Amino acid sequence: MSETDEGKQVAMEVTPWVDDALADDATMEGADRLLFGIFRTPAANNKDPNSPMGLPIFSSALEELKDLDVAYSRNAKEIVDSKRLLLLDADRLYSAGQKLPPSRQAREAHIKNSGLPDYVKAVEGSGSMEKEIYHEINPTLQTDKRLTGINALLSEIGFKCGFSNGYFVFNEKTGMVTATEVESDDRRTLQMVNDVRKALQGCLENMIYALNWFADAYRLAPRGTYEIAYDFADLTLNEEEDKARWWGYVVQGKVPAWVYFNKFEGYTEEEAKALVAAADTEDPDLAPEE
């Protein structure tokens, strides 16, 4: 009933299913697995072996994530502190014989009212013309060096999370690559994605198995077998390469042309077959006169 009631039973009367005539307890005989599905990360949970959940994918990169936070924060702080500063002897702000305000706040107010840039800061001089102060401070940003360090941390974090080296890069963009290059350079990333897909597939299979049992138990659907189909996208698929390869099959006579039109040109199977049949059939209206 509250966040502190973990593990306490909730009466059926106070649930949304009170009108569904659900029993507090039910026995389902013949099930060979638990009637729920868990989507867990592929990594083995060596922190808590009794937990059904996997470890977060970033569990082995916690120190590097802290370092990344520090690196990015320091870069942001450096930008904030990079403001140009001009230290100027306060005596230069007043004409001869004009009395110098005794307080720093009064001198800063004078600078503000005089129309000088806000990076001008009045400081105490020595009273000697030879030792008057005029000093500019123009901080040099170390952005390039810091980005190199940030990218090194991102690469290490990505690798420890199961991705290929250099997969995560800050402030950069790579060009187009072929499917072969992706498969070669990002093999670790592809393996990570496939492992996650397998975990998702296992979760869905258990969940659908449970739903089938509940549907049978409460007569929500006719009893019978079911078949699950998964259609995960090909991570290394390059459409232009794939089209060229399949058109080569058509030219070589290994694949009917209607298969190509159906697969790549958006035609239904019937439309594609009709198109090929029309091309193969001589139209008498278009035949040359004898």
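Select Lys243 and Glu265: the two form a salt bridge, with their closest N and O atoms 3.9 Å apart. A salt bridge here is a side-chain nitrogen of Lys or Arg within 4 Å of a carboxyl oxygen of Asp or Glu. Lys243 belongs to helix H6 (residues 239-251) and Glu265 to the loop between helix H7 (257-264) and helix H8 (269-280), so the pair ties together parts that are 22 residues apart in sequence. Helices (H or I, at least four residues) and strands (E, at least two) are DSSP runs, numbered from the N terminus. Glu265 is partly exposed, at 39% relative accessibility. Buried means under 20% relative accessible area, exposed over 50%, and partly exposed in between (1.4 Å probe, protein chains only).

The model is predicted: local features need pLDDT of at least 70, side-chain atom pairs count only at pLDDT 80 or more, and totals for chains, interfaces and linings use all residues. Residues are numbered from 1 along each chain as its sequence is written, and side-chain values use heavy atoms, with hydrogens and water left out.

**Other salt bridges**

Next, select Glu269 and Lys273, whose salt bridge has its closest N and O atoms 2.9 Å apart. Both residues lie in helix H8, 4 residues apart, about one turn of the helix. An α-helix has 3.6 residues a turn, so residues three or four places apart point the same way. Glu269 is partly exposed at 35% relative accessibility, and Lys273 is partly exposed at 38%.

Asp216 is buried, with a relative accessible area of 14%, whereas Arg223 is exposed at 66%. Across the whole structure, a search finds 9 salt bridges.

**Arg219**

Select Arg219, in the loop between helix H5 (187-217) and H6. Arg219 has a positive phi of about 55°, although it is not a glycine. Most residues other than glycine have a negative phi. Arg219 is exposed, with a relative accessible area of 75%.

**Helix H3**

Select residues 143-160 to display helix H3, which has 18 residues. H3 reaches 25 Å from its first C-alpha to its last, close to the 26 Å expected at 1.5 Å a residue; the expected span is 1.5 Å times one less than the number of residues. Colour Leu147, Ile150, Asn151, Leu153, Leu154, Ser155, Ile157 and Gly158, which are buried in H3. The buried residues of H3 pack against H1. After H3 comes Gly162, with a positive phi near 105°.

**The segment before H1**

Ser59 lies in the segment before H1 and is partly exposed at 29% relative accessibility. A polar atom of the Ser59 side chain lies 2.9 Å from the backbone oxygen of Pro56. This is a polar contact, that is, a pair of N or O atoms within 3.5 Å; within protein, one must be able to donate a hydrogen and the other to accept it, and residues adjacent in sequence count only if both atoms are side-chain atoms.

Asn45 is also found in the segment before H1. Which backbone atom of Asp48 does the side chain of Asn45 reach? The side chain of Asn45 reaches the backbone nitrogen of Asp48, at 2.9 Å. A polar atom of the Asn45 side chain also lies 2.8 Å from the backbone oxygen of Met53. Not counting residues up to four places away in sequence, Asn45 touches Arg40, Ser51, Met53, Gly54 and Leu55; a contact means heavy atoms within 4.5 Å. Asn45 counts as buried, at 14% relative accessibility.

Now select Ile57, Phe58, Leu62 and Leu65, which make a nonpolar surface patch of about 320 Å². Patches are made of residues with over 30% relative accessible area and no salt bridge: like charges are joined within 9 Å, nonpolar side chains (Val, Leu, Ile, Met, Phe, Trp, Tyr) within 5 Å. Ile57 is in the segment before helix H1 (62-80) and is partly exposed, with a relative accessible area of 35%.

**The whole protein**

Finally, show the whole protein, which contains 8 helices and 3 strands. Read along the sequence, the pattern is α-β-α-β-β-α-α-α-α-α-α. Of its 290 residues, 21% count as buried.

Methods:
Accessible areas come from the Shrake-Rupley method with a 1.4 Å probe; for residues, only the protein chains shown count as cover.
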